[in-house]
Amino acid sequence: MQIDLSEAEVMLAQLGELVLKGEEVVIAKAGKPYLDLVPHQEHTGPRLPGRFKGRIQMAEDFDEMPEESGALSNATQCGACGAMAMVRMDGCNLCLECGDSKCG
Ligand SMILES: [Zn+2]
């Protein structure tokens, strides 16, 4: 809604209630929009660029998988226990889960 400045002056309290309920209130002066009446917001002071400088860091390898899980990615299913933990080691298939070895 738009309300003239002279009217707004006498019913500012009611207008405040309307704004808090979500009503858009524009105060007009001489028939032209003059002021937007909006709810107060905390922390709207001047921005302080670089306030967190040096306090927030993005690790360069944040999107890389750790080496360990990479090694297990070639693991195959163990015939003995069924775990995907059968790896080739020293020319033998060894299950990291149950210790089953094809070179027994
Ligand atoms: Zn196994």
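Helices and strands are taken here as DSSP runs, of at least four residues for helices and at least two for strands, numbered from the N terminus. On this basis, the chain of the predicted model follows the pattern β-α-α-β-β-α-β-β when read along the sequence.

The average pLDDT is 82, and 77% of the residues score at least 70. Among the elements, strand S1 has the highest confidence, at 94, whereas helix H3 has the lowest, at a mean of 54. Where pLDDT is low, the predicted coordinates should not be read in detail. Of the 104 residues of the chain, 5% count as buried. Residues 24 or more positions apart contribute 13% of the contacts with a separation of 6 or more.

Strands S1, S2 and S3 form an open sheet in that order, with mixed pairing. The edges of this sheet are S1 (2–4) and S3 (32–37), each of which pairs on one side only. On average, neighbouring strands of the sheet are turned by 35° against each other, direction ignored. Strands of a sheet pair through backbone hydrogen bonds, either parallel or antiparallel. Here, the parallel pairing is that of S1 with S2, over three bridges. Within this pairing, Ile3 stands opposite Ile27 in S2. The antiparallel pairing joins S2 (residues 25–29) to S3 over five bridges.

Val25 stands opposite Leu37 in S3, Ala28 has Pro33 of S3 as its bridge partner, and Lys29 stands opposite Lys32 in S3. Helix H2 (residues 12–20) lies across S1, S2 and S3, and runs at about 140° to S2.

The hairpin of S2 and S3 has two residues between the strands. Ala30 is located in this loop between S2 and S3. The phi angle of Ala30 is near 55°, a positive value in a residue other than glycine. Ala30 counts as exposed because 7 C-beta neighbours lie inside 10 Å, the cut-off for this class being 12 or fewer.

Beyond the other end of S3, Val38 is found in the loop that leads from S3 to helix H3 (67–72). Val38 has 10 C-beta neighbours inside 10 Å and therefore also counts as exposed. The C-alpha atoms of Val38 and Val25 are separated by 7.5 Å, although these residues lie 13 positions apart along the chain. Val25 is in turn the residue that stands opposite Leu37 in S3.

A further strand pairing is formed by S4 and S5. Strand S4 (residues 86–89) includes Met89, and four bridges join S4 to strand S5 (residues 92–95) in an antiparallel arrangement. Val87 stands opposite Leu94 in S5. The two strands form a hairpin with two residues between them, and Asp90 in the turn has a positive phi of about 50°. A positive phi is likewise adopted by Ala30 in the hairpin of S2 and S3.

Met89 has 12 C-beta neighbours inside 10 Å and therefore counts as exposed, since exposure is assigned at 12 or fewer. The C-alpha atom of Met89 is separated by 9.6 Å from that of Ser101, a residue 12 positions away along the chain.

In summary, the predicted model contains an open sheet in the order S1-S2-S3, with H2 lying across its three strands, and an antiparallel hairpin of S4 and S5. Helix H3 is the element with the lowest confidence in the chain.

Terms used:
Residues are numbered from 1 along each chain as its sequence is written. This is a predicted model: local features need pLDDT of at least 70, side-chain atom pairs count only at pLDDT 80 or more; totals for chains, interfaces and linings use all residues. A residue is buried if 20 or more other C-beta atoms lie within 10 Å of its own, exposed if 12 or fewer, and partly exposed in between; C-beta atoms are placed from the backbone. Two residues are in contact if their C-beta atoms, placed from the backbone, lie within 7 Å. Two strands pair if DSSP finds at least two bridges between them. Axes are lines fitted to C-alpha atoms, for helices over the stretch in contact, and angles run from 0 to 180 degrees between N-to-C directions. pLDDT is the predictor's confidence in each residue, from 0 to 100.
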